[in-house]
Structure formats: C-alpha cells, structure tokens
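Welcome! Take a look at the sequence and the 3D view below, then work through the exercises one at a time.

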Amino acid sequence: MLPGNERNMISRTVLFSLACLRKDVVFFNKRNVEKKYYFDVAGKEKFHDSFDVESRKIIVVSPIYRYSEQLQPGKIYIFPGALPQLELKDDFQNALEYARKHFRLPDGEEHLVEVFGYHHGLNNAPPELTGYIRGKTFIDAGAFIGDSALALSQYRPGKIISFELSGRNAGKFRETMTLNQVDPRMIELRCVGLGERFYEVSAGAEGPDASAGSGGEVCRIVPLDSFPEHDTGVIGFIKADLEGMAYEMVKGMLGTLRRDRPVLSLAIYHSPDEFYGIRELLEQHLTGYTYRIARFYPAEVKEIVLFAWPDEISPSKEWWW
C-alpha cells in the first residue's frame, strides 16, 4: 500500500483533473480572496493532461475548501495556503544568499526568492538552454525596481530591455541600477507597458503589484511586435509578471515569438486568461515548444509560471526546479 502522503497526492491529482474537465475550478486572486475567477471558458478540456507530471503537481490543490458561505460545495478552490509549502532547494537558497551579499536594492526592498533564488526559471536550467539565450536580448516585462534585470544579467545577455509602466517603480529601478553601477547600455529601461495594441491607461500603484488601471498616472501600452529587430536585437528570453496583463502582452508579441523563438517565463497566476489562455494562444501560433508549469515561491499560491522553450533546445538532462 502507498504511504499516506502519496495516496493523498494521487487523490488530489485525480480530483483536480476531473474538476478541470468539468470547468469546476475557482481561482482566488491572492490579494482579495473574495474575488473569484471561474475557469469555465469553452475549449479548455484536457488542459491539465497536456502537461508533464511535475507540472500537474504544481496545480494540485485540496479537493474542497469552505472559506465562506459564498463558496459552492463540490468545486475546487485555489487560494493562498491551498498549495503545500515547498522546500527551497540548496541551489536556490545559495543563489538567494549570494544576491543578498552582492546585489544592492533601495532601502526597504526585499531580495525576492522568485527573482534571486529561481532567476525566473533559469537557475538550474541545463546548459543547452542557457547557451541558447546567451548573447541575445532579454525582455523583462514588469520590471518593478530592476531586481529581475540584476538577476538575469548573470546569464550573459546581449542586453536587457526592461518595461515598467509605473513611474514610481521606474524611479526605484534607476536607483537600483545606480547602486549596482550598471552600464545603461546593458540594461535599458522603457517606461511603457506591453499589450496587444497602442493605448493609454491610468496606472501608478507602487510596488510589485503595480498594473494598468491601478492609479492615476497616465501610461502608454505598446505591442512588443512594434519594436523592429534592429531596435531590440534577437530576443532569447522573455520574463513577464504583469499582474493580469500577460495574456494581452502575448497577443502583441506573436510575430516576435515566431521570428526569434525565445525561452519564455510568464507568470500566469493572476487570472484565468493567463492560467488557461496563454498556452492555448501560444499553441495556436507557435509550433515546436515544450511547456511546463512551475511555482517559484515556496510558501503560498503565487509565482506560478508557464515556462516554455523551443525544440531547437535539446536538454541533455532531466531537470526541474
């Protein structure tokens, strides 16, 4: 007989899989547990089956949670604390400690584990993958204070283009670059957001949750496809954490993806469009990609990422985070 923990994991996996098929999964925004998003969009059958076993473990949750009377019995709910806490592996803990010693941040800012431990999925990646992106341009969408750019600079990009729509975050980004004496030709900040089309929005929240519609500051949204190759260079890696705007961003960069076939690390935990829609959209327009779901935050439901790489990369080893 299987140990209790393994039996529970198998049971939860089966229940979650069945719920996905029935569209019976409710996703709670991590900042407001009463705000529910329903995974009931047509065409999402067998979404979970298309991922490998390790990816499916990431999206496993306990079968039924009764957080309030608003919840409906018989459905599966995802909200902070529903996923088991992960143990931070030595590779990621060591990287985090290295960053705390060598990368300076503005006062009051934290060295985040998803950034300085996991490097948005590049830490512990096989050499074939890191070699594929070396010397190419990295896109840092949702740049926040420049912490991701610092972490990603360790993988020897040709340059990093960071996009941040919050002016207040952009000010701290510049402070981070000054503190670390970064060559501005190496990491370039562009104070616009990425989306499907050209338009203006109000934004202005400070911090990692800054997003379109979150404040009174008027910001421009532009498609990544609007930047010609002679401007960006060949793009090898795209990291995005856009507080719910990643689906729109992907719509506006499909031409770039077909042209350069970069490695992708896209946060998908903010909304159903991100969680279900991004991979479906990519598969409609791209061929020859491998997809995984990973969690780059050990403690709760956040930093759930769709990580993808093209078939041009043939990893010489099995790997996971």
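Is Arg-190 buried or exposed?

**Solution.** Keep in mind that this is a predicted model. Buried means under 20% relative accessible area. Arg-190 has a relative accessibility of 11%, so Arg-190 counts as buried.

**Exercise 1.** Find the salt-bridge partner of Arg-190 and describe how accessible that partner is.

**Solution.** Start from the side chain of Arg-190: it meets the side chain of Glu-188 in a salt bridge, 2.7 Å from N to O.

**Exercise 2.** Work out which parts of the chain the salt bridge between Lys-251 and Glu-196 connects.

**Solution.** First, the closest N and O atoms of Lys-251 and Glu-196 are 4.0 Å apart. Then place each residue: Lys-251 belongs to helix α9 (residues 246–251), while Glu-196 sits in the loop between β7 (193–194) and β8 (199–203), so the pair ties together parts 55 residues apart in sequence. Both ends are partly exposed, Lys-251 at 29% and Glu-196 at 39%.

**Exercise 3.** How many salt bridges does the whole structure hold?

**Solution.** A search of the whole structure gives twelve.

Notes. Residues are numbered from 1 along each chain as its sequence is written. This is a predicted model: local features need pLDDT of at least 70, side-chain atom pairs count only at pLDDT 80 or more; totals for chains, interfaces and linings use all residues. Side-chain values use heavy atoms; hydrogens and water are left out. Buried means under 20% relative accessible area, exposed over 50%, partly exposed in between (1.4 Å probe, protein chains only). Helices (H or I, at least four residues) and strands (E, at least two) are DSSP runs, numbered from the N terminus.
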